[in-house]
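Hi,

Here is the structure I promised to pass on to you. Have a look through it first, and then read on for what turned up.

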Amino acid sequence: MTEQGQWSPEEVLAAAAAGDASALRQLYDDLAPAVHGYLRYRGAEEPEDLTSEVFLAVFPRLDSVTGGRAGLRSLVFSVAHARLVDDVRRRSRRPGLTAYDADLDARTTPSSEDEALHGIGLAQVTRLLDQLPEAQREVLELRHLADLSIEQVAELLGRTPGAVKQLQRRALLTLRDVLAREGVTP
(Lines give C-alpha, C1' and ligand atoms only; values in the text may rest on other atoms or scores of the structure.)
Protein backbone atom coordinates (compact mmCIF):
# COMPACT_ATOMS: atom_id res chain seq x y z
CA MET A 1 0.00 0.00 0.00
CA THR A 2 1.07 3.58 -0.60
CA GLU A 3 1.58 6.08 2.21
CA GLN A 4 -2.02 7.39 1.81
CA GLY A 5 -3.42 3.88 2.45
CA GLN A 6 -4.22 3.30 -1.22
CA TRP A 7 -3.14 0.25 -3.14
CA SER A 8 -0.96 0.69 -6.17
CA PRO A 9 -2.34 -0.75 -9.42
CA GLU A 10 0.04 -3.71 -9.09
CA GLU A 11 -1.10 -4.36 -5.50
CA VAL A 12 -4.76 -4.21 -6.56
CA LEU A 13 -4.05 -6.72 -9.33
CA ALA A 14 -2.18 -9.03 -6.93
CA ALA A 15 -4.92 -8.81 -4.29
CA ALA A 16 -7.61 -9.44 -6.89
CA ALA A 17 -5.69 -12.45 -8.23
CA ALA A 18 -5.61 -13.76 -4.64
CA GLY A 19 -9.43 -13.40 -4.50
CA ASP A 20 -9.75 -10.23 -2.41
CA ALA A 21 -13.34 -9.05 -2.92
CA SER A 22 -12.59 -5.34 -2.51
CA ALA A 23 -9.74 -5.56 -5.03
CA LEU A 24 -11.97 -7.40 -7.51
CA ARG A 25 -14.62 -4.71 -7.02
CA GLN A 26 -12.04 -1.96 -7.60
CA LEU A 27 -10.83 -3.60 -10.84
CA TYR A 28 -14.43 -3.96 -12.03
CA ASP A 29 -15.31 -0.37 -11.11
CA ASP A 30 -12.20 0.93 -12.86
CA LEU A 31 -12.56 -1.04 -16.11
CA ALA A 32 -16.26 -1.87 -16.53
CA PRO A 33 -17.37 1.59 -17.73
CA ALA A 34 -14.80 1.54 -20.54
CA VAL A 35 -15.69 -2.04 -21.48
CA HIS A 36 -19.41 -1.24 -21.47
CA GLY A 37 -18.82 1.86 -23.60
CA TYR A 38 -16.76 -0.13 -26.10
CA LEU A 39 -19.41 -2.85 -26.38
CA ARG A 40 -22.26 -0.38 -26.68
CA TYR A 41 -20.43 1.69 -29.29
CA ARG A 42 -19.69 -1.45 -31.33
CA GLY A 43 -23.40 -2.38 -31.37
CA ALA A 44 -23.68 -5.12 -28.77
CA GLU A 45 -27.31 -6.14 -28.29
CA GLU A 46 -26.96 -6.36 -24.50
CA PRO A 47 -23.78 -4.48 -23.51
CA GLU A 48 -24.48 -4.83 -19.76
CA ASP A 49 -24.70 -8.61 -20.03
CA LEU A 50 -21.58 -8.83 -22.16
CA THR A 51 -19.67 -6.61 -19.72
CA SER A 52 -20.51 -9.02 -16.94
CA GLU A 53 -19.47 -11.97 -19.12
CA VAL A 54 -16.12 -10.30 -19.81
CA PHE A 55 -15.30 -9.97 -16.13
CA LEU A 56 -16.53 -13.45 -15.35
CA ALA A 57 -14.02 -14.70 -17.92
CA VAL A 58 -11.18 -12.39 -16.81
CA PHE A 59 -11.31 -12.76 -13.02
CA PRO A 60 -10.30 -16.44 -12.92
CA ARG A 61 -7.31 -15.60 -15.16
CA LEU A 62 -5.93 -12.70 -13.10
CA ASP A 63 -3.03 -14.74 -11.74
CA SER A 64 -1.75 -15.22 -15.31
CA VAL A 65 -1.71 -11.48 -16.17
CA THR A 66 1.69 -10.12 -17.06
CA GLY A 67 2.59 -6.51 -17.72
CA GLY A 68 0.73 -5.03 -14.77
CA ARG A 69 -2.16 -2.66 -15.39
CA ALA A 70 -1.48 -2.42 -19.14
CA GLY A 71 -1.44 -6.22 -19.43
CA LEU A 72 -4.73 -6.40 -17.54
CA ARG A 73 -6.37 -3.83 -19.85
CA SER A 74 -5.08 -5.76 -22.84
CA LEU A 75 -6.58 -8.99 -21.49
CA VAL A 76 -9.90 -7.34 -20.59
CA PHE A 77 -10.35 -5.76 -24.00
CA SER A 78 -9.28 -8.86 -25.90
CA VAL A 79 -11.95 -10.83 -24.00
CA ALA A 80 -14.47 -8.01 -24.62
CA HIS A 81 -13.72 -8.12 -28.33
CA ALA A 82 -14.10 -11.91 -28.43
CA ARG A 83 -17.46 -11.69 -26.60
CA LEU A 84 -18.59 -9.00 -29.05
CA VAL A 85 -17.66 -11.18 -32.04
CA ASP A 86 -19.58 -14.09 -30.46
CA ASP A 87 -22.59 -11.82 -29.94
CA VAL A 88 -22.55 -10.64 -33.56
CA ARG A 89 -22.26 -14.23 -34.83
CA ARG A 90 -25.07 -15.41 -32.57
CA ARG A 91 -27.37 -12.64 -33.78
CA SER A 92 -26.56 -13.34 -37.43
CA ARG A 93 -27.59 -16.99 -37.03
CA ARG A 94 -30.86 -16.21 -35.31
CA PRO A 95 -33.72 -14.66 -37.24
CA GLY A 96 -34.83 -11.19 -36.26
CA LEU A 97 -37.92 -11.07 -34.10
CA THR A 98 -40.80 -8.78 -34.88
CA ALA A 99 -44.06 -8.22 -33.10
CA TYR A 100 -47.10 -9.94 -34.58
CA ASP A 101 -49.38 -7.60 -36.51
CA ALA A 102 -52.64 -9.20 -37.64
CA ASP A 103 -53.08 -6.54 -40.32
CA LEU A 104 -49.82 -7.60 -41.96
CA ASP A 105 -50.47 -11.35 -41.73
CA ALA A 106 -50.90 -12.48 -45.33
CA ARG A 107 -51.32 -16.20 -44.64
CA THR A 108 -53.99 -17.84 -46.76
CA THR A 109 -54.32 -20.99 -44.68
CA PRO A 110 -55.55 -21.06 -41.09
CA SER A 111 -53.18 -21.64 -38.22
CA SER A 112 -52.98 -25.05 -36.56
CA GLU A 113 -54.88 -23.66 -33.59
CA ASP A 114 -57.70 -22.41 -35.82
CA GLU A 115 -57.89 -25.77 -37.59
CA ALA A 116 -58.01 -27.65 -34.28
CA LEU A 117 -60.76 -25.41 -32.92
CA HIS A 118 -62.68 -25.69 -36.18
CA GLY A 119 -62.28 -29.48 -36.10
CA ILE A 120 -63.59 -29.67 -32.55
CA GLY A 121 -66.55 -27.48 -33.50
CA LEU A 122 -67.22 -29.45 -36.66
CA ALA A 123 -67.10 -32.75 -34.77
CA GLN A 124 -69.57 -31.39 -32.20
CA VAL A 125 -71.95 -30.12 -34.92
CA THR A 126 -71.73 -33.42 -36.80
CA ARG A 127 -72.47 -35.37 -33.62
CA LEU A 128 -75.50 -33.20 -32.89
CA LEU A 129 -76.83 -33.32 -36.45
CA ASP A 130 -76.47 -37.12 -36.51
CA GLN A 131 -79.08 -37.29 -33.74
CA LEU A 132 -81.74 -35.73 -35.99
CA PRO A 133 -84.00 -37.50 -38.48
CA GLU A 134 -82.62 -37.25 -42.02
CA ALA A 135 -85.20 -34.70 -43.29
CA GLN A 136 -84.56 -32.34 -40.36
CA ARG A 137 -80.77 -32.73 -40.70
CA GLU A 138 -80.99 -31.93 -44.45
CA VAL A 139 -82.99 -28.78 -43.82
CA LEU A 140 -80.57 -27.50 -41.15
CA GLU A 141 -77.52 -28.30 -43.27
CA LEU A 142 -78.95 -26.49 -46.27
CA ARG A 143 -80.27 -23.54 -44.26
CA HIS A 144 -77.36 -22.94 -41.91
CA LEU A 145 -74.33 -24.62 -43.41
CA ALA A 146 -75.09 -23.90 -47.07
CA ASP A 147 -76.79 -20.60 -46.17
CA LEU A 148 -79.80 -21.16 -48.46
CA SER A 149 -83.16 -19.43 -48.04
CA ILE A 150 -86.37 -21.27 -47.05
CA GLU A 151 -87.56 -21.02 -50.65
CA GLN A 152 -84.29 -22.37 -52.07
CA VAL A 153 -84.34 -25.34 -49.66
CA ALA A 154 -88.00 -26.03 -50.46
CA GLU A 155 -87.27 -26.04 -54.19
CA LEU A 156 -84.19 -28.22 -53.76
CA LEU A 157 -86.00 -30.81 -51.59
CA GLY A 158 -89.29 -30.69 -53.49
CA ARG A 159 -91.23 -29.52 -50.42
CA THR A 160 -93.33 -26.48 -49.64
CA PRO A 161 -91.78 -23.53 -47.78
CA GLY A 162 -94.16 -24.27 -44.89
CA ALA A 163 -92.92 -27.85 -44.65
CA VAL A 164 -89.28 -26.65 -44.63
CA LYS A 165 -90.05 -24.16 -41.84
CA GLN A 166 -91.72 -26.91 -39.81
CA LEU A 167 -88.77 -29.31 -40.28
CA GLN A 168 -86.33 -26.56 -39.27
CA ARG A 169 -88.41 -25.70 -36.17
CA ARG A 170 -88.56 -29.36 -35.05
CA ALA A 171 -84.84 -29.83 -35.65
CA LEU A 172 -83.92 -26.76 -33.59
CA LEU A 173 -86.21 -27.84 -30.74
CA THR A 174 -84.64 -31.30 -30.75
CA LEU A 175 -81.13 -29.84 -30.68
CA ARG A 176 -82.09 -27.52 -27.83
CA ASP A 177 -83.30 -30.52 -25.83
CA VAL A 178 -80.14 -32.51 -26.56
CA LEU A 179 -77.93 -29.61 -25.50
CA ALA A 180 -79.98 -29.06 -22.34
CA ARG A 181 -79.52 -32.73 -21.39
CA GLU A 182 -75.77 -32.30 -21.88
CA GLY A 183 -75.75 -29.24 -19.65
CA VAL A 184 -75.05 -26.79 -22.48
CA THR A 185 -77.18 -23.66 -22.47
CA PRO A 186 -78.10 -22.56 -26.00
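T51 sits in helix α3, which covers residues 47-58. Its relative accessible area is 3%, and since the cut-off for buried is under 20%, T51 counts as buried. Please keep in mind that this is a predicted model, and that what follows is computed from it.

How do α2 and α3 lie relative to each other? The axes of α2 (residues 21-41) and α3 come within 9 Å and cross at roughly 135°. The crossing of α2 past α3 is right-handed. On the α2 side, the contact is made by L27, Y28, L31, A32, V35, H36, L39 and R40. From α3 come P47, E48, L50, T51, S52, V54 and F55. Sorted by type, the residues of this contact are 10 nonpolar, 3 polar and 2 charged.

You will find Q168 in helix α8, residues 161-181. Is Q168 buried or exposed? Q168 is buried, because its relative accessible area is 14% and the limit for buried is under 20%. Not counting residues up to four places away in sequence, Q168 touches V139, L140, R143, H144 and I150. With R143 there is also a polar contact, side chain to side chain, at 2.8 Å.

Helix α6 spans residues 134-145, and its buried residues are Q136, V139, L140 and L142. V139 and L140 are also among the residues that Q168 touches. Just after α6 comes D147, which takes a positive phi of about 60°.

Finally, the whole chain. Its secondary structure comes to 8 helices and 0 strands, so if you read the elements from the N terminus on, you get α-α-α-α-α-α-α-α. The protein chain has 186 residues, of which 27% count as buried. Among its contacts with a separation of 6 or more, 52% are between residues 24 or more positions apart.

Enjoy exploring it!

Best wishes

Technical notes. Residues are numbered from 1 along each chain as its sequence is written. This is a predicted model: local features need pLDDT of at least 70, side-chain atom pairs count only at pLDDT 80 or more; totals for chains, interfaces and linings use all residues. Side-chain values use heavy atoms; hydrogens and water are left out. Buried means under 20% relative accessible area, exposed over 50%, partly exposed in between (1.4 Å probe, protein chains only). Helices (H or I, at least four residues) and strands (E, at least two) are DSSP runs, numbered from the N terminus. A polar contact is a pair of N or O atoms within 3.5 Å; within protein, one must be able to donate a hydrogen and the other to accept it, and residues adjacent in sequence count only if both atoms are side-chain atoms. Contact means heavy atoms within 4.5 Å. Axes are lines fitted to C-alpha atoms, for helices over the stretch in contact, and angles run from 0 to 180 degrees between N-to-C directions. A crossing is left-handed if the near helix is turned anticlockwise from the far one by less than a right angle, and right-handed if clockwise. Ala, Val, Leu, Ile, Met, Phe, Trp, Tyr, Cys and Pro count as nonpolar, Asp, Glu, Lys and Arg as charged, and the others, Gly among them, as polar.
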